[in-house]
Amino acid sequence: MTASESKSPLRTPLYDRAIALNARMTAFSGWEMPVQFSGIIPEHEAVRHHAGMFDISHMGKFTLQGEDAIAQLQGLVPSDLSRLQPGQAQYTVLLNPQAGIIDDIIVYQEAAGNVVLIVNAGTKDKDKEWLLAHLDLNRIEFEDRSEQQALIAVQGPETVAHLQPLIDIDLSQLTNFGHSRAVIFKNPAFIARTGYTGEDGFEVMVAPEIGVKLWDALLASGVTPCGLGARDTLRLEAAMCLYSQEISDTTTPLEAGLGWIVHLDTKGDFIGRDVLVRQKATGVSRKLVGLNMQGRYIARHDYPIAIDGQPAGIVTSGTMSPTLGQAIALGYVPTEFANIGQVVDVEIRGKLHPATVVKKPFYRSTNRV
C-alpha cells in the first residue's frame, strides 16, 4: 500500500475519538490509524464472542452512475456482475493485462445504474486512475467520496442487538452481502452486511458528523472499539487476503485461491481473461496455502518457506491465533507441495521450523447468516 511520504498523515473523522480512548496509533497507507485500544487479544475476542467496531473511514469510496455502469465494470473484473440484483454485492478484483490483482474491491449494486465501490486505502489513487482510464466517462458519472464519508464496521454475533435500535430498517432482512439505504439519527446511511473478520456484521457509511454520533452511541451500548491489530488477526483466522501481502499486481486470483470469483463460463471478455483461461487449463505453478506451525514459533510476512532444505516459497502473513491458540500463516508454495498434510519448513531467524499445510480457513464462524 502506498502513500506519499512527504504528506502529513491523513486523519479520519473518528481520529479524536480514538485519541480520547488512548488508542495506540500507527501510520497506515498515509493515514494515522488506531492499531489497538484495550489490546489485540481482548478486541479480537470481543468480535468473536460479542461485538466490536472498527473505524475504516480510510477506505476508498467511489460511486458510479449510468445505465451501463455494471456492463462497463464487467470488462475490468473476472466476476460476472450481470447477475447482481439491486441490494446485492460481489467481492471481486481489478485485474491488469497479466491477470495480476490491482486491488480487491466490493461492488455494491443499488438501483439500476447506481453502483458503490469500496476499495483499499493504499490503492485508492491507482484504482481511481485505472477506472478513469477504462470507463467511458461520457456515459458514466464517477465520483470519489472517500474523504466525504465516515465508514464504521460493526462485527460480531451481538452486532444486530447493538445496531438495530439506531437504524430505521429491519437488519434481519439483509442477507450476507446484502445492502440498503437507511436512516440513522435522521440522516441518510448506506449499510451493508459485509465485513473483514469472518463474523456476521455490518459496514455503515454516513456523513462524518453522523459517524461520530454512531461511534459514540455504539460505545455507550457496550460495543468494543477495535484497531488494525485485531482486524489483522481476525481476517487471518478467516484466511482473508490482505492486499500487498497475499495478493498484488503480480499474483492472479487463481494462484491466491480466489477461483470462486472467476466466472469464465458465464461472462465475456475482460482484462486478463486470456491469462486466467491458460492457468485454468494448465494449472498454476504456485498456490496460496494455510499453514499450522508445529510448535509456538510464529511465521511472519516474507519469511522463506523451504522444502527438503531448499527455498520453495514465501510466507505472506502469520500470527499466533487468539481463537485457536495455534501459530498460523498463509504463504505461497509450488502447487505440487500444496496438498493438505504436506509438511514444509519455515525459516525463522536462520533456523528451519516445520509447518503443515491445512485446509482454509483456519476458523469458520457458526454465527454467519
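This report describes the confidence, strands, nonpolar cores and a few single residues of a predicted protein model.

**Basis and confidence**

In this predicted model, local features need pLDDT of at least 70 and side-chain atom pairs count only at pLDDT 80 or more, while totals for chains, interfaces and linings use all residues. Residues are numbered from 1 along each chain as its sequence is written, and side-chain values use heavy atoms, with hydrogens and water left out.

The predictor's confidence in each residue is given as pLDDT, from 0 to 100. For the protein the mean pLDDT is 96, and 98% of the residues reach 70 or more. Helices (H or I, at least four residues) and strands (E, at least two) are DSSP runs, numbered from the N terminus. Confidence is lowest in helix α3 (residues 69–73), with a mean of 96, and highest in strand β13 (residues 224–226), at 99. Over residues 1–5, pLDDT stays under 50. For this stretch the model has eleven contacts beyond four places in sequence, where contact means heavy atoms within 4.5 Å. Where pLDDT is low, the predicted coordinates should not be read in detail.

Two strands are taken to pair if DSSP finds at least two bridges between them. An open sheet is formed by five strands in the order β5-β6-β7-β4-β8, with antiparallel pairing. Its edge strands are β5 (88–95) and β8 (141–144), each of which pairs on one side only. From one strand to the next, the twist averages 25 degrees; axes here are lines fitted to C-alpha atoms, for helices over the stretch in contact, and angles run from 0 to 180 degrees between N-to-C directions. Within the sheet, β4 (residues 60–65) and β8 are joined by four bridges in the antiparallel sense. In this pairing, Q65 stands opposite E141 of β8.

Strand β17 is mostly covered, with eight of its nine residues buried. Buried means under 20% relative accessible area, exposed over 50%, and partly exposed in between (1.4 Å probe, protein chains only).

| Partner of β17 | Bridges | Facing residues |
|---|---|---|
| β14 (residues 286–293) | seven bridges | N292 opposite I328 |
| β16 (residues 310–321) | seven bridges | S317 opposite L330 |

Strands β16 and β17 form a hairpin with four residues between the strands. In this hairpin, G325 has a positive phi near 65 degrees.

**Nonpolar cores**

A nonpolar core is a set of buried Ala, Val, Leu, Ile, Met, Phe, Trp, Tyr and Cys residues joined through side-chain atoms within 4.5 Å. The largest one has 43 residues, of which F54, I101, Y108, I118, I247, L258 and L276 touch the most other members. At least two residues of this core come from each of several elements, including β6 (101–109), β7 (114–119), β9 (150–155), α7 (228–237) and β17 (326–334). Strand β5 supplies the largest share, four residues. Apart from this core lies another of 27 residues, among them A51, I184, A189 and I210.

**Cysteines**

The whole structure holds zero disulfides, a disulfide being a pair of cysteine sulfur atoms within 2.5 Å. C226 is buried, with a relative accessible area of 2%. C241 is also buried, at 7%.

**Backbone details and a distance**

Two residues other than glycine can be named for a positive phi. K186 has phi near 65 degrees and is found in the loop between β10 (179–184) and β11. Its relative accessible area is 83%, so K186 counts as exposed. A239, in the loop between α7 and α8, has phi near 55 degrees.

The peptide bond from K360 to P361 is cis, with omega near -5 degrees. P361 is found in the segment after β19 (351–358).

D16 belongs to helix α1 (residues 15–20) and is exposed, at 53% relative accessibility. Between D16 and Y332 there are 316 residues in sequence and 40 Å in space, taken from C-alpha to C-alpha.
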